[in-house]
Amino acid sequence: MNTQNLSDAGSYKFGRFEKNAEELERLKLQATIALKHEQKIWEQTGLKPGMNVLDLACGPGFTACELAKIVGDDGQVTGIDINEELIATAHQAKESEGVKNVSFTLGNLYELDLPENSFDFVYARFVFQHLEKPELALSNIRKILKPGGILCILDIDDNWTSFSPGSDAFIKFIRKAGAGQKQKGGNRLIGSQLYGLLNETSYQNISTQIHPITTEDLGIRYFLGVAVLFRVEMLNKVQKLLALPQLRTIKKAAEDPKAWGALGIFVTSGRK
Ligand SMILES: C[S@@+](CC[C@H](N)C(=O)[O-])C[C@H]1O[C@@H](n2cnc3c(N)ncnc32)[C@H](O)[C@@H]1O
């Protein structure tokens with residue numbers, strides 16, 4: 001398996017952030033802040049005790065540990081990720097959570113080294129927005145799903161985000177950040193495209209739902225982190241400079257006690 005080809009990591013390369021420790025904290029918070037909401041999504045999508053689950057592009061493993069608690073002793077969760085540092089963090093998460101039925105492996109979703117027809121449920125959380133070849137990823141996932149097995153993708157779409165006051169600056173920033181991510185192989189409009197992509201790759205019973213999350217759920221600070229500041233790290237030096245005026249306006253607007261924002265979280269599922 002070739003995990004050295006970093007271009008396969010698309011627009012997300014942990015280790016290349018200016019502030020990796022902060023990015024790790026963001027991933028941790030992202031895995032826990034809306035956990036109750038996410039657990040309901042898993043239930044509605046068909047996750048059940050006893051299932052064999054793959055957490056594809058599991059990052060630091062926090063979500064895989066939560067999935068393992070749900071599938072219980074009769075189930076098993078495997079987390080794979082292309083990044084060695086994140087897999088090492090995932091091993092630590094397993095220890096500190098005291099979860100036995102989860103394992104983590106270094107792996108590339110474009111070259112899955114996993115048995116065909118073996119998983120009941122594959123979860124892919126916030127990775128498709130970073131992929132240059134989503135169709136290849138979907139075909140690979142379909143191979144390793146059991147017949148009737150479920151794929152559940154959680155991701156984002158920039159057409160479903162808003163913030164006020166300062167909404168003009170916010171929209172300009174979102175567009176610039178989206179263009180920057182696209183240059184790196186990502187796609188911030190993936191959410192609404194997943195329904196079509198699953199159709200094209202022969203999935204059945206496809207559904208896309210949008211789950212709104214607002215600053216009332218997340219708090220302004222976290223919203224700003226996930227919707228704006230994390231995205232600055234994805235821009236090159238020139239792009240960062242060009243985005244500075246909007247960033248100043250957004251940060252100032254976020255200090256307004258009347259500030260409010262929302263993100264649409266896209267959940268797309270389908271069966272093999
Ligand atoms: C934004 S992070 C999301 C991590 C985790 N799913 C979560 O929600 O916290 C994207 C993850 O995708 C991983 N990734 C990117 N390309 C990959 C590939 N080709 N194969 C496996 N993992 C990949 C990155 O290393 C990173 O951990």
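This is a predicted model: local features need pLDDT of at least 70, side-chain atom pairs count only at pLDDT 80 or more; totals for chains, interfaces and linings use all residues.
## The shell and the pocket

Around the ligand there are 20 residues, of which Asp-8, Ala-57, Asp-81, Leu-109 and Arg-125 come nearest; a residue is near a molecule if one of its heavy atoms lies within 4 Å of it. By class, this shell has 11 nonpolar, 6 polar and 3 charged residues, where Asp, Glu, Lys and Arg count as charged and Gly is among the polar ones.

The ligand takes up the space of the largest pocket. On a 1 Å grid over the protein atoms alone, a pocket is an open set of points with protein on both sides within 12 Å along at least five of seven lines, and a molecule sits in a pocket if more than half of its atoms lie within 2 Å of its grid points.

## The annotated domain

An unreviewed UniProt entry lists residues 48-157 as "domain: Methyltransferase", although such annotations may be inferred rather than shown by experiment. Over residues 48-157 the chain is 32% helix and 33% strand, with the end C-alpha atoms 28 Å apart; helices (H or I, at least four residues) and strands (E, at least two) are DSSP runs.

## Two loop residues

Ser-164 and Pro-165 are joined by a cis peptide bond with omega of about 5°, and Pro-165 is found in the loop between β5 (145-164) and α6 (167-183). Ser-202, in the loop between α7 (190-200) and β6 (204-214), has a positive phi of about 70° although it is not a glycine.

## Basis of the values

Residues are numbered from 1 along each chain as its sequence is written, and side-chain values use heavy atoms, with hydrogens and water left out. Local features need pLDDT of at least 70 and side-chain atom pairs count only at pLDDT 80 or more, whereas totals for chains, interfaces and linings use all residues.

Key
On a 1 Å grid over the protein atoms alone, a cavity is a set of points where a 1.4 Å probe fits but cannot get out, and a pocket is an open set with protein on both sides within 12 Å along at least five of seven lines; lining residues have an atom within 4 Å of a point.
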